[in-house]
Amino acid sequence: MDHLYKLEAQSVYILREAYREFKSLCMLWSIGKDSTVMLWLARKAFFGHVPIPLVHIDTHYKIPEMIEYRDHFALEWNLNMIYGENCEALAGKLTFPDGNTDRITCCKYLKSEALKHTLSGEWPRYRMDHELRRYVQDEGRDPYTGVIVGVRADEEGSRSKERYFSPRDKDNVWDVGDQPPEFWNQFKTDFAPGTHVRIHPLLDWTEQNIWEYIEREKIPVVSLYFNQGEGIRYRSLGCYPCTNPVNSEARTVPEIIDELKSGKFSNIAERSGRAQDAEDGGLETLRRDGYM
Amino acid sequence: MSGRAQMNIVIVGHVDHGKSTVIGRLLADTGTLPKGKLEAVRESCRRNSKPFEYAFLLDALKDEQAQGITIDMARCFFKTAARDYIIIDAPGHIEFLKNMITGASRADSALLVIDADEGIKENSKRHGQMMSMLGVKQVTVLANKMDLVGFSEEVFEKLKTDYTAFLSQINVTPISFIPVSAREGDNIASISQRMPWYKGFTVLEQLDQFVSDKELEEKPFRFPVQDIYKFTRSNDDRRIIAGTVAAGSVQVGDEVLFLPSGKTSVIQSVESFNTAPKGRSTAGEPAGFTLTTQIYIRPGELMVKPSDPKPEVGSRFRVNLFWLGRAPMIRQKEYKLKLGSARATVRLAEICTTLDASDLTSSKSKQQIDCRDVSECILETTRPIAFDTTVISEATGRFVIVDNYEIAGGGSVVENLSAGESLLQQHIRDRESHWEAGLIRAEQRAEVNRHRAKFIVFTGVPGTGKRVVAKALEQGLFLNGMSAYYLGVANINRGLDADLGSRADSAGERLRRIGELARILTDAGLLFITTIDDADDYDIETLKALNEPNDILVVNMGENGFLRYQSDLQVPHLDDLADAVKQVTDLLKSREIIMDYQI
C-alpha cells in the first residue's frame with residue numbers, strides 16, 4: 001500500500017469511528033481543497049453517501065465562485081448542507097472591509113463567533129432544501145457534539161499539536177497542555193455533557209498529499225486554485241479582502257503538484273497569502289478562540 | 001512523492017537529554033527545513049540574546065517556549081534518499097507521559113536518547129519499558145552529548161552495558177547503540193571524525209536500515225466490525241459490514257465467522273466508492289462487505305475465517321496493563337474497555353503484580369493500580385469479547401480502558417481465563433446466600449393473586465413496536481384482575497440510574513439494576529414487564545441469572561439478536577396489536593403462569 005492509500009485508510013477509519021460514536025455530528029466544509037478532500041473521504045467511508053451534515057460558515061465576503069461551487073455540489077451529491085452566519089455583525093457592519101475592526105477581530109466575529117453559535121444551535125442554521133433547491137431555516141437546534149474539521153498538522157505550528165479526536169470544554173477552550181492520550185487507533189469518543197470533540201481526519205496529510213489525492217481521485221475543486229491565464233492563482237482560499245492570489249502559471253492539478261514538489265513553492269508557507277496570520281498572535285490566538 | 005516509502009519514528013528519552021536537538025539536527029542536516037525557518041529562529045535567538053539551539057525549531061507554541069519543555073509530540077517531516085520520515089517528538093517530562101505514549105504508539109521505530117554525561121535516568125528506563133508495552137520493536141539508543149564526555153569510548157561502552165542489562169529484564173533488545181553529539185552533529189548525518197573507535201551506522205543510516213510495514217497480509221484474517229450501514233433513505237439497499245482489515249485477507253465467496261456471536265455467512269461482495277470493482281480485501285484496507293445471508297450482527301464483533309486459527313473468546317483474562325489515569329484503577333469500579341471495534345464494561349478482578357517502571361521494583365501486595373504503574377492483572381468484562389493473545393495486530397490483542405470519559409490505561413491480553421467463576425456468578429451466589437425472605441411463600445402469593453410471578457422481557461431492534469405491545473399486555477392483564485406492571489426503561493435513566501449520568505462505562509451496571517429490580521418485583525409476585533433494545537445472548541443470560549431463582553419469559557419482536565438463546569416467543573412483525581397480545585397471553589396460559597378462565 002502506498003502512502004496515499006495509507007492516509008486514505010486512516011482518514012476513513014476516523015470518519016467511520018466518528019459516525020459510529022457521535023450521535024450529533026457535523027463536518028465543516030470551508031469549500032477549500034482540504035475540506036473538499038475530507039468530504040470526498042466521507043463518500044469513500046460511506047460508500048458514496050454522506051450521512052453527516054456539512055456546515056459552512058458564510059462570512060458573505062467569500063469569493064463568489066466558492067458559494068456557487070458549494071451549492072452546485074450540495075445538490076449534485078445530495079448533501080445535507082447547512083450554513084450559518086453572524087447576522088448581527090454583518091448588519092452592524094462590524095467588519096474589517098467596512099473599516100470598523102482589524103482583521104483578527106473581523107475573523108473572530110464572522111468566523112469564530114458565527115461558528116460557535118451555529119454549532120451550539122443558538123443562532124439560526126440554514127439548510128439546503130433539495131426540492132426547493134434553495135436554503136430554508138433549519139428546525140434542528142441541537143448542539144453538535146462531534147465536529148469534523150479538515151486541519152492538517154503541517155499547516156502551522158499549533159496544528160501540529162492536535163489529536164485526531166480533540167476535546168473542547170464548555171467554553172470551546174482547547175487545553176493544549178493536557179490532551180487525552182491516543183494510541184492503537186483508540187480515540188476519545190466519550191465526553192462529558194456540555195463538552196464537544198473536534199475530529200481531525202486529515203491531520204497526517206500534507207498540502208502535497210492533498211493535491212496528489214485530488215489528482216488520483218479526480219475530485220472537482222474550485223477553479224480559483226488554477227491560473228486562468230492571468231498568471232495568478234489562489235493557494236489557500238478565504239475571504240476576498242484578506243486573501244491574495246499568488247503568482248503562478250499552474251493551470252492543472254499535476255502542474256500544482258509539480259510546483260509544490262520542486263518548483264517555486266517547495267519552501268514557502270501555504271498560508272502566506274492569508275493576511276490575518278501575519279497580525280499579532282495570528283492563527284494561534286484565533287484557534288484558542290475556536291477558529292478552525 | 002506518494003509512491004515513496006514512509007516511516008513514522010519517535011524520539012524518546014529523559015527530559016533535557018537532547019531529543020529536540022536530535023530532531024532539529026535531523027531536519028537541518030537533511031535540508032528539509034522550510035526556507036527561512038532556520039534563519040528566523042536564529043534571528044529570534046539573537047533578538048532575545050540567547051544562544052541558538054536546534055531544539056528551538058520545534059518549539060512552535062508559545063506556552064511551550066514559556067516552560068522551556070516540549071509538552072506534546074510535534075510532527076515533522078524529513079526525507080532521506082531511501083524514504084520519507086514523519087518524526088514524532090515525544091516529551092521527556094514525566095507529567096507528559098500521555099503525550100509520549102500518543103506519539104510513540106504511532107511509530108514504527110524509536111530513537112531513545114540518553115545523555116552520556118548524565119547517564120541513565122528514570123525516564124530512560126520508563127520510556128524503554130513503554131516502547132516494549134506499546135509494541136515498538138525497533139529501538140536504537142543514542143548516547144548523546146558525547147562532546148561533554150570527551151568522546152570517550154569507555155563512557156559509551158559502560159552506558160551500553162548498563163542499559164542493555166536493564167532492557168534484558170523487560171525482554172527488549174535494542175537494534176543498536178550510537179554515540180552522538182546532536183548539538184555538534186557527530187554521527188547524525190555524517191560519521192564523526194572525533195570517535196574513530198565507533199564503526200557502526202550514523203543515525204540517518206540506521207533509520208534507513210529499519211524495516212517498515214509489518215507483514216500483516218500473511219497473517220490470519222481479522223476484521224473488527226466497525227459499523228453496519230444501510231442507507232435506505234438514499235435508495236441504497238446494500239447492507240454493508242464496514243471496518244478496516246486488521247490482518248490477512250478475504251475474498252468474495254469466503255466463508256466468514258463472527259465472534260463472539262458465532263454466526264456465519266459468506267462474503268457476497270466487496271464494496272467501495274470510486275474504485276475499480278474489487279473481489280478481495282487485504283490488511284490495512286478500509287473495507288465494506290455484503291453477505292449472502294441476512295444475519296443480525298452488531299458493531300464490535302470480530303469477523304474471521306473459520307479456516308484460520310481462531311481467536312479467543314472470553315470475558316475473564318490476564319493482561320499486562322499500564323495506567324495513566326489521575327485516579328487509580330480500583331476493583332470496585334466499572335470501566336469501559338475498547339479492543340479493536342469491541343466495547344465492553346470491564347472490572348478489575350485481581351491484581352497479580354505491579355511494577356514501578358522507574359526502578360523496576362515489583363509488588364504483589366498493591367490494592368490498586370496507580371498512575372504510571374505497569375501491572376499484570378485479571379480483568380473481567382460483563383460480556384465476552386473476541387481477542388488474540390499472540391499479537392496478530394493491534395486491533396485484536398491490545399485494548400484501552402476508559403475511566404469517566406478519558407482513556408486512562410492500555411494493555412494487551414496475555415491469557416484467556418474464562419473457565420473460572422465470573423464476578424456476576426460470585427455476586428449472585430453471595431446475594432442469594434444472604435437473601436432475607438419474608439413469611440409469605442411464592443405459592444401463597446400465586447394463590448391469592450391467582451397467577452404466578454414472571455419477568456417478561458420484550459427484545460428486538462428499536463422500532464419494532466415492543467413498547468406498544470408491552471403496554472397493551474400490561475393493560476390486558478391488569479383489567480383482568482392481575483398484578484402486572486410495565487416499566488419503561490427510560491424512566492430508570494432519570495431515576496434509579498441518575499447517578500450513572502451519560503457515562504460510557506455504565507452499560508453493565510444499567511443491565512444489572514434491571515435484573516436486580518426484576519428479582520425483587522417477581523419476588524413480590526408481579527408480572528413484571530419491560531423492554532430491552534438490541535439484546536443479545538449475553539444480555540438475556542445476565543438478566544436471567546440476576547432474576548434467579550425466579551423465572552424469565554422472553555418475547556422477541558422483529559429481527560432476532562440471539563444466536564444460542566431461544567426466545568419463548570418470536571413475533572416477526574407487529575401487524576395486529578390485539579393478536580400480538582393474545583400470542584403472549586396464550587403462551588402465559590400454556591406455561592400455567594396465568595389461568596385459562598381469567599381472560
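Predicted model: local features only at pLDDT ≥ 70, side-chain atom pairs only at ≥ 80, totals over all residues.
Residues are numbered from 1 along each chain as its sequence is written, and chains are lettered from A in the order in which they are written. Local features need pLDDT of at least 70, side-chain atom pairs count only at pLDDT 80 or more, and totals for chains, interfaces and linings use all residues, while side-chain values use heavy atoms, with hydrogens and water left out.

A search of the whole structure finds 59 salt bridges over all chains; a salt bridge is a side-chain nitrogen of Lys or Arg within 4 Å of a carboxyl oxygen of Asp or Glu. One of them pairs A:Glu17 with B:Arg343, at 2.7 Å from N to O. A:Glu17 lies in helix H1 (residues 3-21) of chain A and B:Arg343 in strand E18 (residues 342-356) of chain B, so this pair joins two chains. Helices (H or I, at least four residues) and strands (E, at least two) are DSSP runs, numbered from the N terminus. Both A:Glu17 and B:Arg343 are buried, where buried means under 20% relative accessible area, exposed over 50%, and partly exposed in between (1.4 Å probe, protein chains only).

Within chain A, the side chains of A:Lys44 and A:Glu217 form a salt bridge of 3.1 Å, N to O. A:Lys44 belongs to helix H2 (residues 33-45) and A:Glu217 to helix H6 (residues 207-217), so the pair ties together parts that are 173 residues apart in sequence. A:Lys44 is buried at 9% relative accessibility, and A:Glu217 is buried at 6%.

In chain B, B:Asp162 and B:Lys158 meet in a salt bridge of 2.7 Å, N to O. These two residues both lie in helix H6 (residues 153-169) of chain B, 4 residues apart, about one turn of the helix. An α-helix has 3.6 residues a turn, so residues three or four places apart point the same way. B:Asp162 is partly exposed at 34% relative accessibility, whereas B:Lys158 is exposed at 52%.

Which charged residue is buried yet has no salt bridge? That residue is B:Asp227, whose nearest side chain of opposite charge, A:Arg20, is 5.6 Å away; Lys and Arg count as positive and Asp and Glu as negative, with His and the chain ends not counted. B:Asp227 is in strand E8 (residues 227-229) of chain B. Leaving aside residues up to four places away in sequence, B:Asp227 touches residues including A:Arg16, A:Tyr19, A:Arg20 and B:Pro299, contact being heavy atoms within 4.5 Å.

Helix H5 of chain B (residues 122-134) has 13 residues and reaches 18 Å from its first C-alpha to its last, close to the 18 Å expected at 1.5 Å a residue; the expected span is 1.5 Å times one less than the number of residues. This helix, H5(B), is mostly covered, with 10 of its 13 residues buried. Among them are B:Arg126, B:His127, B:Met130 and B:Leu134. B:Gly135 follows H5(B) and has a positive phi, near 90°.

On the surface, B:Val468, B:Leu574 and B:Leu577 form a nonpolar patch with about 210 Å² of accessible area together. Patches are made of residues with over 30% relative accessible area and no salt bridge; like charges are joined within 9 Å, and nonpolar side chains (Val, Leu, Ile, Met, Phe, Trp, Tyr) within 5 Å. Accessible areas come from the Shrake-Rupley method with a 1.4 Å probe; for residues, only the protein chains shown count as cover. B:Leu574, partly exposed at 33% relative accessible area, lies in the loop between strand E27 (569-571) and helix H15 (577-590) of chain B.
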